[in-house]
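The exercises below are meant to be worked through with the coordinates open, and each is followed by a solution that goes step by step.

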Amino acid sequence: MSTSALAINFAYVISAALFIFGLKMLSSPATARRGNMVSAIGMLLAVVVTLFAQGLDYKWILLGMVIGSAIGLVAAYKVEMTSMPEMVALFNGFGGVSSLLLAWGEYHENPDLSVFIAIVASLSAFIGGITFTGSMIAFGKLSEKIPSKAIIFSGQHIINAAILISAAVCTGLFAANPQNLYAVFVVIILISLVFGVTSVIPIGGADMPVVISLLNSYSGLAACAAGFVIGNNILIVAGALVGASGIILTRIMCKAMNRSLSNVLFSGFGAITQAAGDGPQGEIKPATAEDVYYILEAADSVAFVPGYGLAVAQAQHVTRELGDLLEENGTEVMYAIHPVAGRMPGHMNVLLAEANVPYDQLVEMDDINPRMDSVDVCVVIGANDVVNPAALEDESSSIYGMPIIETHRAKTVIVLKRSMNPGFAGIQNALFFAENARMYFGDAKASIQALIAEFKGSD
Amino acid sequence: MDAVFLTFVFVLTIFLGFELISKVPSTLHTPLMSGSNAISGITLIGALASLQTDNHFFATVLGTLAVIFATINVVGGYAVTNRMLEMFKKKDDGGAK
């Protein structure tokens with residue numbers, strides 16, 4: 001190894017250390033922002049030292065980096081906080097496709113690969129391709145450009161299994177004779193692109209937190225495989241860190257829905273809706289803004305329980321305003337957040353942070369449930385399945401066993417809802433018929449604005 | 001480099017990753033995801049190094065595209081994560097301003 005190559009590799013060690021410190025600092029809200037900076041500095045260092053390598057074609061590098069930075073910055077600063085899940089999916093897909101392109105370019109330049117390198121090059125292209133089209137489908141579903149419900153086609157499992165087997169066969173063929181089988185490599189790429197689509201399209205909108213986490217992990221593993229292809233440690237270290245973090249998030253999300261990963265990936269959950277009239281029935285008690293105002297006004301403690309509906313209605317700012325008014329009124333205000341509320345892990349936390357809700361008011365499910373009996377009022381905003389008591393009581397329910405925020409145990413529950421349509425899981429919610437529940441129908445944002453007007457009118 | 005050595009690095013890093021991430025609270029899951037997503041744009045390093053002056057034209061095209069996509073991933077990922085984390089405030093440092 002030449003001296004300059006040696007220096008570059010030592011700089012990579014420093015980058016790797018910065019990534020690790022950065023991730024570690026991300027584990028506390030107080031240090032998270034600096035952690036992200038530390039990790040960005042690690043990346044910058046790696047990029048800068050790489051540019052000192054000999055024989056680089058700078059005009060193409062400059063072109064690529066200028067275009068990429070411009071698109072990345074514009075996208076990052078223009079995106080609405082409610083659209084964060086699809087933005088993360090999009091960026092993720094781009095990371096995947098760049099691993100694919102890198103492996104392809106390396107192979108095109110040096111077709112004489114050893115068996116090991118041929119296998120990791122195929123893996124890099126394959127995982128990168130799945131990440132790319134899978135993320136694009138996730139992006140489409142999250143931004144409602146394609147229907148977000150699970151799309152099931154007949155023979156789906158057989159098709160997916162056939163795709164996987166043919167990919168494995170192609171990889172084997174290719175690894176045995178990479179110089180002469182350029183076409184097979186292209187076929188592997190095509191298969192991966194198709195597989196990304198067929199594996200994500202059957203997964204419904206509310207399962208997206210799992211899918212995004214998993215795709216996040218794939219993009220890391222693709223980078224890792226690319227690192228094996230070019231024999232570069234920093235790609236392997238950084239890729240493996242991301243791969244591990246994605247796997248952990250995936251596991252947390254699955255646990256929060258009480259489902260196995262294979263169940264999420266292969267069952268097309270939510271595609272089967274129960275027959276009408278099935279499930280709990282009873283009388284619902286609608287409430288007007290004035291009724292809700294009197295209930296809230298008299299409460300000592302109020303817990304808001306946000307769900308995806310809050311994001312759709314963009315109601316995070318008005319919710320915080322209402323929370324502030326309640327606090328001025330001497331009420332204790334909390335925001336109870338279910339781990340899978342929304343469309344990506346931590347989605348609700350980001351929205352409420354955007355509305356300036358301090359993070360010490362955000363309460364996790366496991367912290368609020370034990371003291372739920374002492375909460376005066378729970379205000380459920382656009383959440384449904386994550387507060388459905390059937391998950392605890394009804395063994396025949398498809399969400400049975402999923403941990404929920406037990407709002408039905410609060411003294412009063414106010415449910416803000418557009419209509420009586422069932423939630424994503426397609427099951428009616430017994431909470432709405434409970435003795436202590438009041439339904440407050442309407443668009444979440446407009447409904448909360450009406451409450452704020454009531455509060456202000458009474459001063 | 002030696003395949004065994006690289007695999008060694010890979011396996012140890014996976015374990016390190018599990019240790020690091022399992023401590024992140026759920027409040028920070030979104031920034032964690034977008035921040036780690038930015039790190040996965042590390043492919044940029046490989047893409048930069050692959051753009052040699054003596055490349056075939058097609059390899060140069062592939063490399064340049066790889067640089068573009070990886071840069072979007074890196075720059076966009078860090079910027080958006082920073083934007084999100086900027087909003088996370090504690091009550092006593094003036095949460096509602």
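**Exercise 1.** Into which domains is chain A divided?

*Solution.* Before starting, keep in mind that the model is a predicted one. Going along chain A, the assignment gives domain 1 as residues 1-78, domain 2 as residues 81-272 and domain 3 as residues 289-458. As a next step, take the C-alpha centres of domain 1 of chain A and domain 3 of chain A, which are separated by 41 Å.

**Exercise 2.** Examine α3(A): which of its residues are buried, and what covers them?

*Solution.* Begin with the geometry: α3(A) has 21 residues and reaches 30 Å from its first C-alpha to its last, close to the 30 Å expected at 1.5 Å a residue. With burial taken as 20 or more other C-beta atoms within 10 Å, the buried residues of α3(A) are I61(A), G64(A), M65(A), G68(A), G72(A) and A76(A). Viewed down the axis of α3(A), these buried residues fall within an arc of 95°, so they line one face of the helix. On the face turned away from that buried side, α3(A) carries the exposed residues K59(A), L62(A), Y77(A) and K78(A). Finally, the cover over the buried residues of α3(A) includes α3 (43-50) and α4 (57-87) of chain B.

**Exercise 3.** Repeat the analysis for α6(A), asking which residues are buried and which are exposed on the other side.

*Solution.* The 21 residues of α6(A), residues 156-176, should span 30 Å at 1.5 Å a residue, and the end C-alpha atoms are 31 Å apart, which agrees. The buried residues of α6(A) are A167(A), C170(A), T171(A), F174(A) and A175(A). Around the axis they cover an arc of only 125°, which puts them on the same side of α6(A). On the other side of α6(A), the exposed residues are H157(A), I158(A), A161(A), A162(A), I165(A), V169(A) and A176(A). What covers the buried residues of α6(A) includes α5 (115-142) and α7 (182-200) of chain A.

How values were computed. Residues are numbered from 1 along each chain as its sequence is written. Chains are lettered from A and ligands numbered from 1 in the order in which they are written. This is a predicted model: local features need pLDDT of at least 70, side-chain atom pairs count only at pLDDT 80 or more; totals for chains, interfaces and linings use all residues. Domain bounds come from an automatic or database domain assignment. Helices (H or I, at least four residues) and strands (E, at least two) are DSSP runs, numbered from the N terminus. The expected span of a helix is 1.5 Å times one less than its number of residues. A residue is buried if 20 or more other C-beta atoms lie within 10 Å of its own, exposed if 12 or fewer, and partly exposed in between; C-beta atoms are placed from the backbone. The arc is that of the directions from the helix axis to the C-beta atoms. Two residues are in contact if their C-beta atoms, placed from the backbone, lie within 7 Å.
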